[in-house]
Amino acid sequence: MSGSYDDSVGVEVSSDSFWEVGNYKRTVKRIDDGHRLCSDLMNCIHERARIEKTYAQQLTEWAKRWKQLVEKGPQYGTVEKAWHAVMSEAEKVSELHLDIKSALMNEDFEKIKNWQKEAFHKQMIGGFKETKEAEDGYRKAQKPWAKKLKEVEAAKKAYHAACKEEKLAISREMNSKADPALNPEQLKKLQDKVEKSKQDVLKTKEKYEKSLKDLDYVTPQYMENMEQVFEQCQQFEEKRLRFFREVLLEVQKHLDLSNDVSYKNIYRELEQNIKTADAIEDLRWFRANHGPGMSMNWPQFEDEEWSADFNRTLSRREKKKASDGVTLTGVNQTGDQASQHTKHSSHLSVPSNTVQSLQSSYNPFEDEDDTGSTVSEKEDNKIKNVSSSEKNQSYPTEWSDEESSNPFSSTDANGDTNPFDEDASPAVEVRVRALYDYEGQEHDELSFKAGDELTKTEDEDEQGWCKGRLDNGQVGLYPANYVEAIQ
């Protein structure tokens with residue numbers, strides 16, 4: 001027997017080696033996977049950007065909601081400011097996360113998209129140009145070696161079949177020698193068959209060995225060609241891997257806020273704002289604004305007659321009894337006479353007809369029933385009243401008839417008016433506005449509300465009264481200090 005034979009030799013053992021025919025497809029598939037990985041990375045970045053945007057919106061909504069709650073809540077003082085600082089931090093961090101979202105989409109996402117478009121070129125018939133080039137390169141490098149391998153496999157199969165046939169022929173020959181029924185001619189045929197099978201084994205073995213030598217001869221060239229194509233695929237994949245590394249580093253820089261100066265400043269400022277919260281200061285503020293430190297308008301004695309409210313007005317006139325002689329009161333004095341007037345009142349007794357003349361000169365709007373006027377002590381023109389029981393007192397020497405005989409007075413002794421009065425002080429109408437409410441006390445007085453406008457027809461007299469006209473045409477008197485001129 002020319003060689004031993006093992007049944008296990010005929011069983012094909014599958015191999016996962018790159019050098020096996022067709023196993024280069026994994027490296028070709030890697031090109032297609034590179035394109036898909038670019039899309040996956042873009043989707044990954046897009047989802048992270050959406051998360052950053054959502055987080056920023058949630059921070060903003062949270063800060064807005066809690067700002068309102070704190071403002072409307074009972075917290076006060078520096079602690080309230082510190083609390084607000086936490087919401088301010090959220091708003092600033094929200095802006096930073098929006099910046100991250102923009103950087104991820106506008107820079108990283110777009111960069112991958114552009115690189116993918118430049119690195120992978122789609123074909124009209126489908127697939128990518130780079131994949132087809134790698135496929136063609138591997139097929140061309142593997143074709144000669146695959147042909148020789150096929151020849152080796154065929155020679156191997158023939159050799160193994162011859163060996164099997166030889167083994168069967170030998171077995172039949174051995175069995176025939178023990179069988180006496182066989183004639184010599186049959187035995188001779190069996191022996192010839194054994195001899196022929198041995199020759200077939202030798203021939204197939206030689207052919208098998210020769211095919212292996214031929215395969216070994218082309219194997220180095222096959223390996224070299226495959227290496228070249230593989231290196232091209234490696235270079236392409238190296239570009240993708242380096243690009244991914246570069247992009248991921250940029251993503252890391254965009255996501256990492258710990259190295260952002262503005263981010264550090266946010267929390268440095270937050271810490272300072274919180275540390276400025278002072279419990280003692282807040283307690284002091286509360287005491288001054290809501291506690292014993294508040295000012296108080298304690299009750300004080302108030303005179304019923306004189307009130308700070310200008311709405312209260314006393315009667316402008318008081319009725320007097322008719323008599324032959326009357327006493328003039330409320331003489332305004334200037335200079336030294338004013339100081340003397342504080343000690344005693346000046347009295348002047350004149351005939352009734354002279355007094356009437358003077359009274360008509362004093363206020364042309366008086367009724368027949370003459371009354372005196374009393375105003376507040378806070379007014380500039382102070383008038384002192386003298387009781388009508390002092391009628392019989394006489395004037396001092398300085399009060400003589402010269403005053404009644406003054407040719408320039410508005411009314412002479414006979415009651416005739418001065419013809420020069422109208423030219424000396426012509427009436428000028430002025431629009432005024434009421435400062436306070438006033439309710440007329442007499443039938444010849446006007447009534448109005450604060451803010452009403454009216455027309456002043458005559459200037460203020462010595463008693464502080466003006467004559468005016470309402471917009472409805474009513475004419476009457478009113479206190480001068482209850483209005484102001486409209487500018």
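This is a predicted model: local features need pLDDT of at least 70, side-chain atom pairs count only at pLDDT 80 or more; totals for chains, interfaces and linings use all residues.
View 1. E269 has its place in helix 5, which covers residues 261–275. Look for A85 in this view too: its C-alpha atom and that of E269 are separated by 8.5 Å, although the two residues are 184 residues apart along the chain.

**View 2. The start of helix 6.** Here we zoom in on D278, at the start of helix 6. A side-chain oxygen of D278 reaches to within 3.0 Å of the backbone nitrogen of I280. Now follow the helix along residues 279–290.

View 3. T219 lies in helix 4, which runs over residues 184–255. Is T219 buried or exposed? It is buried, with a relative accessible area of 19%. A polar atom of the T219 side chain lies 2.6 Å from the backbone oxygen of L215. An α-helix has 3.6 residues a turn, so residues three or four places apart point the same way.

**View 4. W19 meets Y222.** A search of the whole structure finds 21 aromatic pairs. One of them is W19 with Y222, an edge-to-face pair with 5.9 Å from centre to centre and 65° between the planes. W19 sits in the segment before helix 1 (25–72) while Y222 is in helix 4, so this pair ties together parts that are 203 residues apart in sequence. W19 counts as partly exposed at 26% relative accessibility, whereas Y222 is buried, at 2% relative accessible area. Both rings belong to one aromatic cluster, made up of F18, W19, Y24, Y138, W145, Y222 and F230.

**View 5. Another ring pair: W115 and F120.** The ring centres of W115 and F120 are 6.2 Å apart and their planes are at 75°, so this pair is edge-to-face. W115 is buried, and F120 is buried as well.

**View 6. R240 over a ring.** In this view, R240 lies over the face of F244. The distance from the ring centre is 4.9 Å.

View 7. The strands are arranged in the order 6-5-4-3-7, with antiparallel pairing. Which strands are at the edges? They are strand 6 (475–479) and strand 7 (483–485), and each pairs on one side only. On average, neighbouring strands in this sheet are turned by 50° against each other, direction ignored.

**View 8. Strand 3 and its two neighbours.** Strand 3 (residues 430–434) is joined to strand 7 by 3 bridges, and the two run antiparallel. Strand 3 also pairs with strand 4 (residues 453–458), in the antiparallel sense, over 4 bridges. Then pick out A434, whose bridge partner in strand 7 is V483.

Note on methods: Residues are numbered from 1 along each chain as its sequence is written. Side-chain values use heavy atoms; hydrogens and water are left out. Buried means under 20% relative accessible area, exposed over 50%, partly exposed in between (1.4 Å probe, protein chains only). A polar contact is a pair of N or O atoms within 3.5 Å; within protein, one must be able to donate a hydrogen and the other to accept it, and residues adjacent in sequence count only if both atoms are side-chain atoms. Two strands pair if DSSP finds at least two bridges between them. Axes are lines fitted to C-alpha atoms, for helices over the stretch in contact, and angles run from 0 to 180 degrees between N-to-C directions. The expected span of a helix is 1.5 Å times one less than its number of residues. Rings of Phe, Tyr and Trp (its six-membered ring) pair if their centres lie within 6.5 Å; planes under 30 degrees apart count as stacked, over 60 as edge-to-face and the rest as tilted. A charge sits over a ring if NZ of Lys or CZ of Arg is within 6 Å of the ring centre and within 35 degrees of the ring normal.
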